[in-house]
Amino acid sequence: MFAICLPAYRRQMLLRALALLFALVLCAFVLLPLKAQAALFDSVLRFHVVANSDSAKDQEIKLLVRDKLLEWTGEDLALCRQSAEAEVYLAARKSELLSRVRVYLASLGVSYGAEAFLGAEEHAAKVYGDLTLPAGEYRTFRVVLGEGCGQNFFCVLFPPICQNSAK
């Protein structure tokens with residue numbers, strides 16, 4: 001074995017430098033995944049439809065409303081290149097879409113209405129085929145039908161994964 005003969009102050013400086021280097025490497029391993037995860041949260045726009053109740057009829061209506069919303073927005077959202085662009089599109093059309101949902105609900109003979117929200121929401125982890133979205137806060141377009149006490153439908157509007165899952 002080779003012994004390093006360094007004066008005490010040089011040994012101390014070397015140990016401090018090694019400790020600092022170790023801390024920087026450790027921070028890099030902790031912060032890089034967080035930065036990648038934050039980029040993922042910013043690049044995804046989720047879609048959430050909440051049923052009035054868990055009755056079979058309300059669950060069916062939830063899926064019908066989902067299909068209509070995807071029909072009304074699908075082609076335009078497919079043209080968006082970033083989630084922020086998709087969000088701007090939905091923000092500009094939110095009132096129109098909500099109005100169309102309410103008219104559609106009335107045509108189905110349902111007495112309840114709907115509300116729509118566009119903003120940040122916490123979501124559990126979800127797997128869509130080869131894509132796994134970790135739990136976290138995502139930008140979300142959420143439509144609540146009636147009391148909003150039923151089971152939910154979740155998917156991703158951008159990138160356009162919903163169009164495949166609704167068929």
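Phe153 counts as buried at a relative accessibility of 11%, where buried denotes under 20% relative accessible area, exposed over 50% and partly exposed the range in between, with a 1.4 Å probe and protein chains only. The model is predicted, so local features need pLDDT of at least 70 and side-chain atom pairs count only at pLDDT 80 or more, whereas totals for chains, interfaces and linings use all residues. Residues are numbered from 1 along each chain as its sequence is written, and side-chain values use heavy atoms, with hydrogens and water left out.

The structure holds 3 aromatic pairs; rings of Phe, Tyr and Trp (its six-membered ring) pair if their centres lie within 6.5 Å, and planes under 30 degrees apart count as stacked, over 60 as edge-to-face and the rest as tilted. The pair of Phe47 and Phe141 is stacked, because the ring centres are 6.1 Å apart and the planes meet at 10 degrees. Phe47 belongs to strand 1 and Phe141 to strand 5, so this pair ties together parts that are 94 residues apart in sequence. Both Phe47 and Phe141 are buried, and the relative accessible area of Phe47 is 1%. Phe47 and Phe153 form an edge-to-face pair, with 6.3 Å from centre to centre and 75 degrees between the planes. That pair links Phe47 in strand 1 with Phe153 in strand 6, 106 residues apart. Through ring pairs, Phe47, Phe141 and Phe153 are joined into a cluster. The charged end of Arg46 sits over the ring of Tyr138, 4.8 Å from its centre.

Phe47 and Leu145 have the most contacts inside the largest nonpolar core, which has 29 residues. Such a core is a set of buried Ala, Val, Leu, Ile, Met, Phe, Trp, Tyr and Cys residues joined through side-chain atoms within 4.5 Å. Helix 3 provides the largest share of this core, 8 residues. Apart from it lies another core, of 5 residues, among them Leu133, Tyr138, Val156 and Ile161.

Overall, the chain has 4 helices and 6 strands; helices (H or I, at least four residues) and strands (E, at least two) are DSSP runs, numbered from the N terminus. Of its 167 residues, 37% count as buried.

Conventions:
A charge sits over a ring if NZ of Lys or CZ of Arg is within 6 Å of the ring centre and within 35 degrees of the ring normal.
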